[in-house]
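Please read the numbered points alongside the sequence and the model.

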Amino acid sequence: MINGTTPQYFNPLAAGYQAGPGPGGPHIYQSPLITGGGQAAAAAAAAAAAGGGAGTHTIHTAAGAQQSNVTHSPSPPHSNNNQYHKDERTQRQHTKLLRKLEQKHREVLNAALTTQLPPSPRKHTEVNGNARKHQQNQQQQQHLQLHQQHPLQHLHPGLLQQHPHLHPQQQNPNQNHQQQQQPHHRNGTSSQDTSEDGEESSSMPDEEDDNTQSIVEHLSSVPSPQVNEITSRSALFQWAAPSPLPPHESLPFNVHDLHYELLLSDPGKENKYKSIFKGSSLSCMVQDLRPGQEYTVRLQVYLEQLHGSPTEASTFNTPPCEPDTPKTPTLIARTKNSLQLRWNAAVDNGSHITNYILEYDNGKYNGMIHLINAQNCDFVEVCKTKGKQFTVNKLHPSMCYIFRLSAVNEYGRSGYSDLVKFNTAGNPPPQPAPPTLQHATAASLKLAWQRRSPSEGFTLQMNDLDLGYGYKNIYTGMDTVYECVGLRRATTFQFRVKAENENGQSPFSKEVVFKTLPACPGRPTKPQVKGKIHATAFKVKWDQPMDTGGADIQLYHLEISSGAMYERIYSGKESETMIERLSPGTAYQIRVLCEGPGGISTFSEPSTVTTEPVAPRPPQRPYCSGAPTPYAACLMWDKPDYNGGAPILEYEMEVELTNKTRQSCYRGKDLFCVVKDLRPGEMYTVQVRAYNRIGAGEWSEEYSFHAGAAPPNAPKELTITLKSPTHLTVIWDEPHCNGAPISEYILQSSTAPDAEAEQSLFQTVYHGQQRTAELKNLAPFTNYHFRVCAVNSAGSSRYSTTFSQKTPAAPPNVPVLGQHKITAKSILICWETPQSNGSQITHYNIECGDRVITSDAASTLCRSTRTRTSGDHSKRSARRDEEDDEAVSDADEDDSDPEEEEEVEDDASEAASIASATLAEKANRNELLIEDLHPESVYKLRIQAVNEIGTGPFSGYIKFTTAPLPPKPPKLECIQHGFSHLKLRWGEGKNLVDLARYYVELENARTGEYQNVYTGTRSTCKVMKLHELTPYTFRIAVKTKHAGMGDYSEDFVFVTSAATPNTIKAPRVYIEPLNGGGSGNNSPAHPPSSVNGSVSNLNTIVQGSTHLTTGQTTAAGGGAGGAGVLTIEWQTSRNNPFADAIEYVLQIAKSKDQDFQEISTRFDLQLVGDIRDYHLRLRTLWADW
């Protein structure tokens, strides 16, 4: 393979060519194109012009050698310019000349294809001898096709320029093998045409031969190719382009238009060359050479259809290398302990093989080649020998071994051959089981047998008992199924099988006998009438078929037809039968077929029989024209199919009543009638017959119908059976259905006191087709009313009479446990009073852990709708309902915090929700407090109710855990007291327990009940709005989230202090002169503003006024205004809630020292100096202080 293709070798070289490679070239015959005359040269040029494209070689002939070269006038120069043709005459002459030249060219071409000449240097045959005939024909066809497609491009460009008039005409290449077109001569001269104007056409000039010869010489002057980069399997060939001859001249062609063909040969091919490269490149790398071989290479140059002679041969040798991979060994003999292998010699690649290495797997892989790869291969060398066969000994019997082979020469070791496996001989297989029959037909038997080893082959033998030739082999192979075909029907054959493998054959199996099936019988003979033909019957017979299929006939089937369809009327073994119940005057066709073990035959030829006429045939079965009503039905019928040969006179209809009696209900000519006086739902049967002049025909087919259905009657006889207080059974009788089957029953019940008056209170408790109903889950001790109705397709019946039944009393139902309150030592459970079921509940049984508590039902029932959940909560609720205007507690605004206020609000909302839920409870709620429980313990509790009938079921368990013990209350102490408040503290000002809430309560002295004054998490509280000098009793309790509310502490008594009187306003002061002059403005009604302003810092609530006048005094300095009477007025202290006497203290001080001095209680004052230099103040005191 060279460059991806496998070219064929050429024919041997021509005579005179050197046999082996060497400097000598092939003998080149002188071409007529070079040695012949002008006409011969023209013929050769024409032949060369008819060649194909690149790689297609022309065939040169001397067909034109016998023709003389006649001169003619030169053709006008070839040009594409239309301006050259000046007139029409010149154009006509040019056209005629081209036509003559094309005809001459065809003649030359035909002669070139038919004449055999010695090889030319421009053909492949110059190198490899005479080409094969099919190659010449192929080249000729390619040459003619190229000539037809491009008639002018096959010539050299120089020739076309010298002779532009050459334009060969296309012609069919098949003319080479058909008749040859000879040139037309006149008077024995060469073909010379004359134009219409008397001008002779010219021939091809001699310059063409010289130009072609020059091109061929340049193409043949190429030096031999150079061989470089030689390896064992490749070589690089390089060559140079043609050089001008002589050197100082230029080439007559363009070097880029050249194509090169490289020819290769080796001594083993008997000097046959093959083309390994064709192209315009100046080098070629050849692959796939054989190592250690001598090769000869030549080069040939092409220029379009012209080519030069091959160059001198260049010889080179490829270096040897390691051998090729040998082929797999073959097995020639084997025993139980040895295998004899043989292999063919491998290609040595130029160096003799020194030895072969045989390896095997020693039976490790047991013949599984797919498990072997390059990583895990573990082969053992068996031998290293120069021979081509070897016997491997010391093997195990019936063992599979895998072998591979490689060859070695002085250059190295070849690759391993493909893996091959062989088995050593073993024991022959044991006797197989006999074959079994899978499928049988009349001409074949399909047998199967079992395979015990993958390498087993089988031989199946058959014995034809009828022929008596004994057993013959009918199958030999590896399959386990074989079908014997071409057997005789209904024939018995014997079979046996034996197994064989590489170690031998087993004994034959036991003989088995199988029989082919019978074939399908032939068709019986045509049926024939036996005896007289009656109006409604006749007897037929037939004969069995000539071919029974190898078995007896089992059944005959007779079919009859009076129209388009056949009806089977007889099946049996007899070959004759009586056909009855036929229609009179009717033509019948009868046919018969037979059935045997092999199948069913075809029908016999049909036979036609016509019955005798009689009375009219019965009409078609009557039918209702519409749905029957409960009391009438309209019936219609059609005319009979056959009137018996006489016209129909009248029809008669007969009806069968419910008492099984028949009577005529209609007689007339109409085809319908109305049957009246029917009973709803009853079934009636009618039939009709026709009358003709012969008499009455047969009755038609009976037609049964039911009168229209009506709703059923109401059920009766309702029976109620009590099974338990909650279960009863209702049974009733089936009413009359009135023509339609009862589809279901509807049972309704009611518990209303007056069921007849309140029909709407009934509810459906059962609907179905049964006439009994099981009612469960009823309420005990309850009066039930029942009624039932029936339903059919026509509607629903009236309800039956109402039946009443009262269920007996039963044990009470399961109590439903409600919310419960858990403390450390007790639990308060609540439950709703269950249904007593007709007997009052006497007591309850409560299981709490290991204790069983029996509680009377009356003691646990809550009589009022408002239930107190605990003693503490009841006290708190009572205190909230009462109003105490005298002693009210409130938290101090200065000491309050948001968290405490929020907790108080939460407690109030919780109490409100509890109160609303309590009001919504019903009067049948029960409560029970179970005490003496252990703190932080888990208990399971359930409850049951008991009445006089028995014990009710237990409720479900509730699982609860008692709370831990609440913390002990802290000690209260008073840290601040006043006449209207007390500030308390506990726990040394710290929270004793995490997340604890404290409840401080104050005892109401009037009612003796405690009222909550503080709830929160702080350790102090301030109680306001108390009375002075009054003892108050307090107590405190602690509540935690997990332990709940603890016990209240002992009573703590604290007393408020005494209160001071209320303050009064500043007194009014004025001076009255003794002489009365100048004192008009200082009257008590108009006191000096300066005096009043000096005591304006006093502030009190005025409830009354007191006027006090001091004695007469004299001023120290004398003067008109120096003496007078000082009057001080103030209001009494009012709004005091106490009845104690009040004393007033008046103090005076000078303006400079502000040291107040108490004045006597009589309020006598001696004024010294100006009155404006004194300040007065007044306070109130209790009289007993």
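1. Contact here means heavy atoms within 4.5 Å. In this predicted model, Phe316 is in contact with Val227, Ile230, Ala235, Phe237, Leu264, Leu289, Gln293, Glu294 and Tyr295, once its neighbours within four places in sequence are left aside.

2. Phe316 also belongs to the largest nonpolar core, which holds 24 residues. Together with Leu219, Phe237, Trp239 and Leu262, Phe316 is among the residues that touch the most other members of this core.

3. Which elements give two or more residues to this core? They are helix α7 (207–220) and the strands β2 (235–238), β3 (258–265), β4 (274–279), β5 (283–286) and β6 (294–303). The largest share, five residues, comes from β6.

4. Elsewhere in the chain, three strands form an open sheet in the order β33-β34-β37, with antiparallel pairing. Strands β33 (623–624) and β37 (672–675) are the edge strands, since each pairs on one side only. In general, the strands of a sheet pair through backbone hydrogen bonds.

5. Within this sheet, four bridges join β34 (residues 633–636) to β37 in the antiparallel sense. Met636 stands opposite Phe672, a residue of β37.

6. A further point concerns His977, which lies in strand β56 (residues 972–977). Not counting residues up to four places away in sequence, His977 touches Leu982, Val1055 and Ser1057. How many residues apart along the chain are His977 and Glu1028? They are 51 residues apart, and their C-alpha atoms are separated by 9.9 Å.

Key
Residues numbered from 1 in each chain as written. Predicted model: local features only at pLDDT ≥ 70, side-chain atom pairs only at ≥ 80, totals over all residues. Heavy atoms only, no water. Pairing = 2+ DSSP bridges. Core = buried A, V, L, I, M, F, W, Y, C linked by side-chain atoms within 4.5 Å. Buried < 20%, exposed > 50% of the residue type's maximum accessible area, 1.4 Å probe, protein only.
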